[in-house]
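Could you look through this one with me? I have jotted down some points to go with the picture.

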Amino acid sequence: GGIITQTPKFLIGQEGQKLTLKCQQNFNHDTMYWYRQDSGKGLRLIYYSITENDLQKGDLSEGYDASREKKSSFSLTVTSAQKNEMAVFLCASSAGWEGQNTLYFGAGTRLSVL
Amino acid sequence: SQWGEENLQALSIQEGEDVTMNCSYKTYTTVVHWYRQDSGRGPALIILIRSNEREKRSGRLRATLDTSSQSSSLSITAAQCEDTAVYFCATHRNSGGSNYKLTFGKGTLLTVTP
């Protein structure tokens, strides 16, 4: 088995601040994802990476940057935090991008912006 | 039924009852994933059903897929309190060119009471 580790677990930022969230996986998976989950809502895809050094935009990429530094890590940057923003950011990985591959999720980073 | 822009749905049942959650999708998919998310944790896959399967079972769980009506369902037989969670369906769809992504529905919050 493997694990997805997201850091930090909680992140409090100021309006306009650049904030970086990190994700590590030890599954040796090729594909990694960042999803945003707002309270009472579903998951929306921000960025995904099919393989190391690849980046693909999701439905919600505006206001975010991502970086796949190496196969095991995928980071997400909120380029300018919005006042009163509150959401959970979920990182996931899968063996491949094909539909039959299971996504394995981390526990999330909970963001609050003052 | 999940999808579109509606908020998280909520269902409340008593222990021992059967429950069915529905999911409709708008674009062709080769597979439907059903994930379960417990409070404070990331989603975890519980059933994956492919387009050539009409039904799939796993313990007390049963998923169906009707590609002609673009809908899937997840049923839980004799629900238990530990089945309380948010349940998401997700479909694998083309996002342009050769890019595919897993897109989640808004989810159903199932509460099972003693």
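**Notes on the two-chain model**

Across the interface of chain A and chain B, three residue pairs are in polar contact, both residues being at pLDDT 80 or more. (A polar contact is a pair of N or O atoms within 3.5 Å; within protein, one must be able to donate a hydrogen and the other to accept it, and residues adjacent in sequence count only if both atoms are side-chain atoms.)

1. Before going on, some ground rules: this is a predicted model, where local features need pLDDT of at least 70, side-chain atom pairs count only at pLDDT 80 or more, and totals for chains, interfaces and linings use all residues. Residues are numbered from 1 along each chain as its sequence is written, chains are lettered from A and ligands numbered from 1 in the order in which they are written, and side-chain values use heavy atoms, with hydrogens and water left out.

2. Back to the interface. How many salt bridges does the rule find between chain A and chain B? It finds zero, taking a salt bridge as a side-chain nitrogen of Lys or Arg within 4 Å of a carboxyl oxygen of Asp or Glu.

3. Next, who takes part? Chain A brings 23 residues to the contact and chain B brings 24 residues, with contact meaning heavy atoms within 4.5 Å. Together the two chains bury about 1900 Å², and 53% of that is on carbon and sulfur atoms. (Buried area is the accessible area, with a 1.4 Å probe, that two parts lose on being put together, summed over both.) Look for A:L43, A:W97 and A:G99: they supply 23% of the area that chain A buries against chain B, more than any other three residues.

4. Now the disulfides, meaning pairs of cysteine sulfur atoms within 2.5 Å. The count over all chains is two. In chain A, the bond runs from A:C23 to A:C91, S to S 1.9 Å, and it is left-handed, with -75 degrees about the S-S bond. A:C23 sits in strand β3 (residues 19-25) of chain A and A:C91 in strand β9 of chain A, so the pair ties together parts that are 68 residues apart in sequence. (Strands, E, of at least two residues, and helices, H or I, of at least four, are DSSP runs numbered from the N terminus.) Both A:C23 and A:C91 are buried; buried means under 20% relative accessible area, exposed over 50%, and partly exposed in between (1.4 Å probe, protein chains only).

5. Chain B has a disulfide too: B:C23 and B:C89 are joined, with their sulfur atoms 2.0 Å apart. Here the torsion about the S-S bond is about 75 degrees, so the disulfide is right-handed. B:C23 is in strand β2 (residues 19-24) of chain B and B:C89 in strand β8 (residues 85-96) of chain B, so this pair ties together parts that are 66 residues apart in sequence. B:C23 and B:C89 are buried, while B:C81 is partly exposed, with a relative accessible area of 24%.

6. Most residues other than glycine have a negative phi, and most peptide bonds are trans. Yet a cis peptide bond joins A:T7 and A:P8, with omega about -10 degrees, and A:P8 is in the loop between β1 (4-7) and β2 (10-13) of chain A. A:N53 is not a glycine but has a positive phi of about 70 degrees; A:N53 is exposed, at 65% relative accessible area. A:N84 also has a positive phi, near 65 degrees, and lies in the loop between β8 (73-78) and β9 (86-94) of chain A.
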